[in-house]
Amino acid sequence: MCGIAGILRLDGSPLPPGVGRALRTMTDSMACRGPDGEGFWRHGPVALGHRRLSIIDLAGGSQPMLSADGRLCVVHNGEIYNFRELRRELGARGVTFRTESDTELVLAAYAAWGESCLDRFEGMFAFALWDGPRRRLFCARDRFGKKPFFYTLQNGVFCFASELSALALLGRPEPAAAAPDGQEGAWPDFLPLGLHLDATALMRYLAYEYVPTPQTMYREVRSLEPAHFLLLEAGNAAAPRPARYWDLPMPAAAAPGDETELCLELERLLATAVRRRLVSDVPLGVFLSGGIDSSIVAGLMARESSSPVMSFSIGFEEASYDESRYARLAASAFGTDHHERILSAAECAEELPGIVSRMDVPMADASCAPTWLLSGVARERVTVALGGDGADELWAGYEHYIGYRIAQRYNALPGWLRRGVIEPLVRRLPASAGYINPRLACETFLRGAAAPDWLRVQTLLTALGPELQATLLDPAWLGRHGGNDALRPEALFAPTRRQYEHWLPRDAATPLARAFHVYVRQFMLDDILVKVDRCSMLHSLEVRAPFLDRDVAEFAARLPVGLRLHGFRRKYLLKKAFAGLLPPEILHRNKRGFQIPVAEWLRGKLRPLMEDLLGERALAAQGLFAPAAVRALVDAHCSGRADLRKPLWTLMVLQLWLRANPADF
């Protein structure tokens, strides 16, 4: 796991020596991604920089890495899990290797197979490879987007980095920084970059709680989509067009075998995926929450290991939020060397604003706090941890999958029953600031049921919908950026519709099958994977996800939806396949995520921060929001009249991010 950065002059002319200052400025900002070393390489129109977290071949894996003939150079972030198999294949063709690093495999695979090498890689990665003879830069991102890759093309120069904030620094140069080669030089004349807040991205952030890929908070910066690559040629100033190299398959109409055979195949595939992810030259462990997914991973790791696996969990003193007893139960069942830390919710609240401020991109999932804390506990003893990410999206782990199915049946009820009986009853349900708020849950369901099929998943997740944004955004600012037309669902939620309609023709997949695709390609990508990547890398910890192994994911995606959501039974085939591995108490328990009492905190411990961030004077000076409308939202929540935890926390995260990342509007 590392941090990468680079600069390419598209007209092909040599970069000035001072470009080293800009490159170091970017890599220094990503030191937590690579605390074990740094490297820089410059040749003609291209310069590459790297920060290294040493995982495999501690002595021989330094980057940027040149091929033996000096014709290729790469900076690589991530891991190629099947690099040993590919080394053997290439070795049979006469290729020799100088190191044991998977990065050298990337060079050799590209030399042998060109861009099609991507189809052979099983891993999580983002890399940029300079092909000297062709004078072109080959950039790629893994199939699910576990590793980030941001880029911008301005003034005839292409710049990329592992973090959005690293590119933002090119708009705020630090001329005193020393050049990596020890030579002084003027800050390049094509810098600083111009970065401006993207109004559409801001409105989408308010709705989604993140900015959907490939958009970013800056108009001039894009995020490379998962399973895509870029080719840029020196001497060709045309803007690069990302190309897809892989896609998730559609679900089959019927099961490809009986359930017993499918369970055996799933167990084999996931065991192989776990085994691939145990390759490491540094200590390795597992995140163990006591849920089904992490327990499966821990159990399979225990089968493969000759010594106890190190497992890690955190718990809360407040019983309604604590799952630590399930983690201990799983640890006991698998004989792991278990480490846990029990916290008070108040401790978590104290950490939350600082964590959000360091998240690189605005992302309003409050569970980033326990994820960050868990990563810190693990990093005290290991450098690599396996986790259960991806299972909920691919195997229907969320309540929203059931909600989607119920909504289809609910809409078939007579209108008089829905509008005249059920909806009035929902408005009379009790409200709560705890783990579950019955009224909020039911109101969210009704909004989702009323939405069209393509928007239903996102409606169940939305923080600030079009109507609320129209009330809260400053009228003058909104008028300058598209007015209410920009808030039409078709415009605001266009990324969701693109993912929902990914498979053509439109009757090629059922609405529920398309909902699975939206979860994987949108929510998992920009919420779950961003959260895990940023929180773990702030501690210089690498996290690996066996459920996102290509073979495992393709197997799940091809299954008929009914084998993942069987009636109202979530993770149906997954649970059946691992019933013999999991303790019964874990196999049959309901899912609990990393939930924390945000609604309660906003009325108590976090209220001073909320009053500061969303105060009328600060908002008036900023010019983005209508202060009186925001004040009304705060008062309604603090008085207990409404549960507005999602919109208020989303607004607060935006303000924290803007304070840490000043931007021109």
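This briefing walks through strand pairing and helix packing in the structure above. It is a predicted model, so local features need pLDDT of at least 70, side-chain atom pairs count only at pLDDT 80 or more, and totals for chains, interfaces and linings use all residues. Residues are numbered from 1 along each chain as its sequence is written, and side-chain values use heavy atoms, with hydrogens and water left out. Helices (H or I, at least four residues) and strands (E, at least two) are DSSP runs, numbered from the N terminus.

**The six-stranded sheet**

- Six strands make an open sheet in the order β2-β3-β1-β9-β8-β10, and the pairing is antiparallel. Pairing here takes at least two DSSP bridges between two strands.
- At the edges sit β2 (37-43) and β10 (221-223), each pairing on one side only.
- On average, neighbouring strands of this sheet are turned by 15 degrees against each other, direction ignored.
- At the β10 end, β8 (residues 150-154) and β10 run antiparallel and are joined by three bridges. F150 is the residue opposite S223 in β10.

**Around β7**

- Strand β7 (residues 136-141) is mostly covered, with six of its six residues buried. Buried means under 20% relative accessible area, against over 50% for exposed and partly exposed in between (1.4 Å probe, protein chains only).
- In a regular strand, side chains alternate between the two faces of the sheet. In β7, R136, F138 and A140 point one way while L137, C139 and R141 point the other, and all are buried.
- β7 pairs with β6 (residues 123-131) in the antiparallel sense, over six bridges. L129 faces F138 of β7 in this pairing.
- The two strands β6 and β7 form a hairpin with four residues between them, and R135 in the turn has a positive phi of about 50 degrees.
- β7 also pairs with β11 (residues 228-233), again antiparallel, over five bridges. Here C139 stands across from L230 in β11.

**Parallel pairing at β13**

- β13 (residues 284-287) pairs with β16 (residues 384-386) in the parallel sense over three bridges. G285 is set opposite A385 of β16.
- β13 also runs parallel to β14 (residues 310-316), joined by three bridges. V286 has S311 as its bridge partner in β14.

**Helix α10 against α20**

- The axes of α10 (residues 368-379) and α20 (residues 511-537) come within 8 Å and cross at roughly 40 degrees. Axes are lines fitted to C-alpha atoms, for helices over the stretch in contact, and angles run from 0 to 180 degrees between N-to-C directions.
- α10 and α20 are therefore oblique to each other. Angles under 35 degrees count as roughly parallel, over 145 as roughly antiparallel, 65 to 115 as roughly perpendicular and the rest as oblique.
- On the α10 side, C368, T371, W372 and S375 make the contact, meeting K531, V532, C535 and S536 of α20. Contact means heavy atoms within 4.5 Å.
- Sorted by class, these residues come out as four nonpolar, three polar and one charged. Ala, Val, Leu, Ile, Met, Phe, Trp, Tyr, Cys and Pro count as nonpolar, Asp, Glu, Lys and Arg as charged, and the others, Gly among them, as polar.

**Helix α5 against α28**

- α5 (residues 199-208) packs on α28 (residues 645-660) at an angle of about 140 degrees, with the axes 9 Å apart. That makes α5 oblique to α28.
- L202, Y205 and L206 of α5 touch T650, L651, V653 and L654 of α28. The contact has six nonpolar residues, one polar and no charged ones.
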